[in-house]
Structures are given as C-alpha cells and as structure tokens.
Amino acid sequence: MKFIIVFVALFAIALAAPPHAQEATVLRSESEVGPESYQYAYETSDGNKAEEQGQLKNIGTEEEAIVVKGSYSFVADDGQTYTVNYVADENGFQPQGAHLPVAPEA
C-alpha cells in the first residue's frame, strides 16, 4: 500500500512539473555591416524576432553619432506577443509599444 501511495505522489509531481522548454531554432538570420552603416534581422522558432539598422551621421565632425532604428518582438509567459519599436540617437533610447506606458507631455 505504501508503494502505491509513493507511486501516485511521484506521478502527480511529474504531471505538475512544467514542460521542458524546447530549444529555439533560427528561422531567419541576415546581416550586413559596412563602415558607415549596418543592419540585421533574425527570427526564431519560439516567436522572437528583431530587426535593426544603424547609420553614422555628421561623419567627420565633432557631432558624429550613430542613429539606430529597430524593433523586436517576443512571446511572453502570458502567451501574448509584445513588440517594441525604438530609435536610439543623440536624444537617447526611445522605445514605443502598445504595452509600454507613455509619459505625459510637459
């Protein structure tokens, strides 16, 4: 009888354990890097994807900087896909997404 109780308890624990996460595979991967710009994109089987491009501006001046534009998407634990679009430049990182809070205008 003790064996049956132990067996049922172990069986219940095994069923309650979360499934092992499967390893994601790369579905798409592209990149191009040059001396004054770059771009890349990738997508994985688990729903993650990203695209980004960057370019130097004001080349050869003291104000030389890189401007980056891109987006990334991921599937969260709640099963929803979230997407963030962003720009990063002399004004900092500026993300936008339907799930992100928006600051009130000054």
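Among contacts in the chain between residues at least 6 apart in sequence, what percentage join residues at least 24 apart? The share is 11%, among contacts between residues at least 6 apart in sequence, where contact means heavy atoms within 4.5 Å. This is a predicted model, in which local features need pLDDT of at least 70 and side-chain atom pairs count only at pLDDT 80 or more, while totals for chains, interfaces and linings use all residues. Residues are numbered from 1 along each chain as its sequence is written, and side-chain values use heavy atoms, with hydrogens and water left out.

**The chain as a whole**

- The secondary structure comes to one helix and six strands, where helices (H or I, at least four residues) and strands (E, at least two) are DSSP runs numbered from the N terminus.
- Along the sequence these elements follow the pattern α-β-β-β-β-β-β.
- Of the 106 residues in the chain, 12% are buried; buried means under 20% relative accessible area, exposed means over 50%, and partly exposed lies in between, with a 1.4 Å probe and protein chains only.
- The chain exposes about 8900 Å², and carbon and sulfur atoms supply 56% of that area, as computed by the Shrake-Rupley method with a 1.4 Å probe.

- The six strands form an open sheet in the order 1-2-3-4-5-6, with antiparallel pairing; two strands pair if DSSP finds at least two bridges between them.
- Strand 1 and strand 6 (92–96) are the edge strands, each of which pairs on one side only.
- From one strand to the next the twist averages 10 degrees, with axes taken as lines fitted to C-alpha atoms and angles running from 0 to 180 degrees between N-to-C directions.

**Strand pairs, from strand 1 onward**

- Strand 1 (residues 26–33) is hardly covered, since the count of buried residues among its eight residues is zero.
- Strand 1 and strand 2 (residues 37–44) run antiparallel and are joined by seven bridges, and they form a hairpin with three residues between them.
- Within this pair, Glu 30 stands opposite Ala 41 in strand 2.
- Strand 2 is also joined by seven bridges to strand 3 (residues 49–57), again in an antiparallel run, and Gln 39 has Gln 53 in strand 3 as its bridge partner.
- The hairpin of strand 2 and strand 3 has four residues between the strands, and in it Gly 47 takes a positive phi near 95 degrees.
- Strand 3 and strand 4 pair in the antiparallel sense over nine bridges, and Lys 49 stands opposite Ser 73 in strand 4.
- Strand 5 (residues 81–89) is joined to strand 6 by five bridges and runs antiparallel to it, with Phe 93 in strand 6 as the bridge partner of Ala 88.

**A loop residue**

- Ala 76 lies in the loop between strand 4 (65–75) and strand 5, and this residue counts as partly exposed because its relative accessibility is 22%.
- The C-alpha atoms of Ala 76 and Gly 47 are separated by 9.6 Å, although the two residues are 29 apart along the chain.

**The largest pocket**

- About 180 Å³ of space lies in the largest pocket; a pocket is an open set of points on a 1 Å grid over the protein atoms alone, where a 1.4 Å probe fits, with protein on both sides within 12 Å along at least five of seven lines.
- Its lining residues, which have an atom within 4 Å of a point, include Glu 32, Tyr 38, Gln 55 and Lys 69.
- Strand 1, strand 2, strand 3 and strand 4 are the elements that give two or more residues to this lining.

How values were computed: Points joined across faces, edges and corners; volume = space filled by probe spheres on them.
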